[in-house]
Every structure is written in structure tokens, then in C-alpha cells.
Amino acid sequence: MLSYSSYMLMAVAALLVTCHALPKCPEVPGLPGVPGLPGRDDLKGQARLPGLIGPSGSLLGPPGRDILPYLPGLPDSLDTELHNVLVNLKHRLCRLEGVLALNGKIREVGEKIFASNGKKVDFGSAVKSCEEAGGTIASPMNEEENKAILSIVQQYNQYAYLGIKEGETSGQFKYINGMPLNYTKWHQYEPNGKGTEKCVEMYTDGSWNDKKCNLYRLTICEF
Ligand code: MAN
Ligand code: CA
């Protein structure tokens, strides 16, 4: 059984989470600048206060100790430097994501990032442009992802093709990578194309309709 104080602690924690949104990219305490590389103020290795981040907890493992039997350990100085480079990169990336989200350019859900180029094209062209950009056409795998895609559909007020297609068996829809659907959001009475509507569009309420593949729909990709 939980004690009174642990309930109090949980209540305080819940309050803290709801009242104060946590910063997306917390300051890295005392991260030393990367030696040899100019900091943001062009100060070599001294852009931030010297401080707490050291080799412990490095992704590369404790300095000098082998990660794998056949990989030699890195010298302490290089391990620390690589660790700092990684922390710096992650922090910068986090802030850049903040800028893109602020400007309505991306939606982040878990590990996925959804984005549109604002263009309306047929299904094949949407798949192609997503792949050329290093992503794939948006394929909602749960309600949260569907909502993120929906908010882009509503931003442009345009239906979008999804990364879902009808298989050989009519009425059977799958992700374009061949995996079976683990989540669906069909509009009432859909899918109804019975082999004649092999693609899927998202309506502006987030529900899905099977539809011909040669229409012009908003391109939304996931990365
Ligand atoms: C049109 C098409 C179909 C859709 C029906 C719904 O005929 O968009 O895909 O199922 O409308 O009424
Ligand atoms: Ca339909």
C-alpha cells in the first residue's frame, strides 16, 4: 500500500506537470564549448560556462573500456569531446525543431515528424516527393498520429492521400510497406470502392475515404 506522503508527492508532481509546461529543450548545464570549433559567439571552445558535463554517461561508454571486444576504447579526451559534440548537436536540433513547430511547418508525434510542401498531386507523385525528401507518405498508425496529420489537412484545408493502399483482395487495405493496418479511421460507410478506389484520402474531419489514386491531394510526408 502507498503511504500518505507518496500520494502527496504524486499530487505535487501532477500539479507541477500541468501548471508549468516543461521547456522543450532544457539548457545544458555548463556544457563546455567544443574544443577547436567556434562557439555561437565565435569563441573557440568557450561559448558556455565550463561545468558539469563530463565523460560519465557517455554514449560511447566509459573512456578506455571497450564497447565491443574488437573495438578499441577511445582516449578520455576524445570520448569527452565526442560526448560534448553529441549533447551540443541534440540541443541545437531540439531548438531547430522548436522553430519549425512554432512556424507551423512540422508536427511531432513520438519519433515521427509530419510535414507538407503544400502541394496537391496524385498519389504516385506524393509518394515520390516524400521519398526524394528522405521520408515516406504520411501513414497514421494510431489516433495521435492521425490527429497530427489532420491538423496539417486543416491548416491547408485540403484532403490528403495517406500511405495506405488496397491489396489484391478488394476491401483489404494495408500500409504501402505491406504491413497490415493496426489502426483505421474510416468515414461512415467507407471503404466502399470495392477494388475501384485503391488509395485513401483523409477528409478535413480526420476520417478516411477510399478514393481513386489519380486525383490531386495535399502531399503530407513523415520523417
Ligand atoms: C464519392 C467518392 C467515394 C465516396 C463517396 C461518399 O462517390 O468520393 O469515394 O465513398 O463519394 O459518398
Ligand atoms: Ca470511397
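**Entry 1: ligand 1**

I started at Asp210, where a backbone N or O atom lies 3.0 Å from an oxygen atom of ligand 1. I kept in mind that this is a predicted model.

Next I looked up two side chains. In Asn209, an N or O atom of the side chain is 3.1 Å from an oxygen atom of ligand 1. For Lys211, the side-chain N or O atom is 2.6 Å from a ligand oxygen. I then checked how much of the ligand is covered: alone, ligand 1 exposes 310 Å², and the protein buries 52% of that.

Which residues surround ligand 1? I noted Glu190, Asn192, Glu197, Asn209, Asp210 and Lys211. I sorted this shell by type and got 4 charged residues, 2 polar ones and no nonpolar ones.

**Entry 2: aromatic rings**

I moved on to the rings and found 5 aromatic pairs in the structure. One of them joins Phe173 and Trp186 edge-to-face, with 5.0 Å between centres and 65 degrees between planes. This pair links distant parts of the chain, 13 residues apart: Phe173 is in strand β5, and Trp186 is in the loop between β5 and β6.

Trp186 also pairs with Trp208; their planes stand at 80 degrees, so I wrote down edge-to-face, with the centres 5.6 Å apart. Here the partners are 22 residues apart, and Trp208 belongs to strand β7.

Is Trp208 buried or exposed? Its relative accessible area is 0%, so Trp208 is buried. Phe173 counts as buried too, at 8%, while Trp186 is partly exposed at 22%.

Definitions and conventions:
Residues are numbered from 1 along each chain as its sequence is written. Chains are lettered from A and ligands numbered from 1 in the order in which they are written. This is a predicted model: local features need pLDDT of at least 70, side-chain atom pairs count only at pLDDT 80 or more; totals for chains, interfaces and linings use all residues. Side-chain values use heavy atoms; hydrogens and water are left out. A residue is near a molecule or strand if one of its heavy atoms lies within 4 Å of it. A polar contact is a pair of N or O atoms within 3.5 Å; within protein, one must be able to donate a hydrogen and the other to accept it, and residues adjacent in sequence count only if both atoms are side-chain atoms. Accessible areas come from the Shrake-Rupley method with a 1.4 Å probe; for residues, only the protein chains shown count as cover. Ala, Val, Leu, Ile, Met, Phe, Trp, Tyr, Cys and Pro count as nonpolar, Asp, Glu, Lys and Arg as charged, and the others, Gly among them, as polar. Rings of Phe, Tyr and Trp (its six-membered ring) pair if their centres lie within 6.5 Å; planes under 30 degrees apart count as stacked, over 60 as edge-to-face and the rest as tilted. Helices (H or I, at least four residues) and strands (E, at least two) are DSSP runs, numbered from the N terminus. Buried means under 20% relative accessible area, exposed over 50%, partly exposed in between (1.4 Å probe, protein chains only).
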